Amino acid sequence: RLDDRVHLVAISDFQRELTPEVHYTATVHNGIDVERHPFRADKEDFLLFVGRMNPEKGVHLAAEAANRLGRPLLIAGKMAEPAEEAYFDAEVKPHLTEDIEYIGQIDEETKLDLYSRAAATLMPIQWAEPFGLGMVESMACGTPVVALRNGSVPEIVKDGVTGFVADDMEEFLAAIDRVEEIDPAECRRLVEERFSIEAMVSGYEQVYASVSA
């Protein structure tokens with residue numbers, strides 16, 4: 001009913017694919033303040049997962065992958081609802097070891113510090129996420145993202161450049177072992193180019209100009 005009067009802006013091309021019947025004027029990716037994200041080229045050995053304790057986020061798969069590879073993993077995220085606690089107990093806790101640890105919900109400063117130090121951020125998402133801000137934040141800190149192909153992942157992570165996009169668990173495991181091939185400086189540069197506040201503002205300015213014209 002509002003199609004001829006409303007100009008909608010998608011946060012990803014994938015979001016537009018979900019609802020082709022909706023009139024989108026443009027796609028403008030979400031932007032972050034890149035300067036607030038500490039860049040670090042030399043990485044530590046641990047892997048990182050940051051996100052809600054939810055099967056859609058694939059926390060259990062991140063823990064399983066670290067276990068199978070014998071790699072340390074820090075799991076950070078909110079777990080406040082009974083359903084989240086039940087999922088954790090049933091699917092995540094069995095994978096925990098001395099090196100695979102759930103550290104609870106963390107503040108912004110701790111999150112950015114962990115992003116900057118981790119060898120890679122794991123994103124084995126199990127749902128069609130329209131945009132993953134965590135992936136952008138990790139790459140801004142120079143840390144590659146290893147993700148399963150779902151939702152907007154291939155649009156955000158440049159496969160082989162800022163991380164790896166895997167089609168199944170075996171590819172996911174193999175990609176984790178290849179994260180040292182990724183150049184942290186290129187991760188940062190591409191975030192500045194594609195997902196910075198400046199890039200987002202420029203995108204919206206172009207939208208406003210086209211609509212007003």
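Before we go on, a word on the model: it is predicted, with local features needing pLDDT of at least 70 and side-chain atom pairs counting only at pLDDT 80 or more, while totals for chains, interfaces and linings use all residues. Residues are numbered from 1 along each chain as its sequence is written, and side-chain values use heavy atoms, leaving out hydrogens and water.

**Two helix pairs**

Helices (H or I, at least four residues) and strands (E, at least two) are DSSP runs, numbered from the N terminus. Axes are lines fitted to C-alpha atoms, for helices over the stretch in contact, and angles run from 0 to 180 degrees between N-to-C directions. Here are the two pairs:

| Helix pair | Angle | Axes |
|---|---|---|
| Helix 2 (residues 59-69) and helix 7 (residues 169-176) | about 60° | 10 Å apart |
| Helix 4 and helix 5 (residues 133-140) | roughly 60° | within 8 Å |

In contact, that is, with heavy atoms within 4.5 Å, are Leu 61, Glu 64, Ala 65, Arg 68 and Leu 69 of helix 2 with Met 169, Glu 170, Phe 172, Leu 173 and Ile 176 of helix 7. This contact has seven nonpolar, no polar and three charged residues. Here Ala, Val, Leu, Ile, Met, Phe, Trp, Tyr, Cys and Pro count as nonpolar, Asp, Glu, Lys and Arg as charged, and the others, Gly among them, as polar.

Helix 4 and helix 5 are oblique to each other too, and their crossing is right-handed. Glu 108, Lys 111 and Tyr 115 in helix 4 meet Gly 134, Glu 137 and Ser 138 in helix 5. By class, these residues are one nonpolar, two polar and three charged.

Next comes an open sheet of six strands, in the order 5-4-3-6-7-8 and with parallel pairing; two strands pair if DSSP finds at least two bridges between them. Strand 5 (100-104) and strand 8 (163-166) stand at the edges with a single partner strand each, so one side of each has no neighbour in the sheet. From one strand to the next, the twist averages 20°.

Strand 3 (residues 47-50) and strand 4 (residues 73-76) pair over four bridges in the parallel sense, and Leu 48 has Leu 74 in strand 4 as its bridge partner. Helix 2 packs on the sheet, and its direction makes about 165° with that of strand 4. Helix 4 (residues 108-117) also packs on the sheet, touching strand 3, strand 4, strand 5 and strand 6.

Notes: Parallel < 35°, antiparallel > 145°, perpendicular 65-115°, else oblique. Left-handed = near helix turned anticlockwise from the far one by under 90°.
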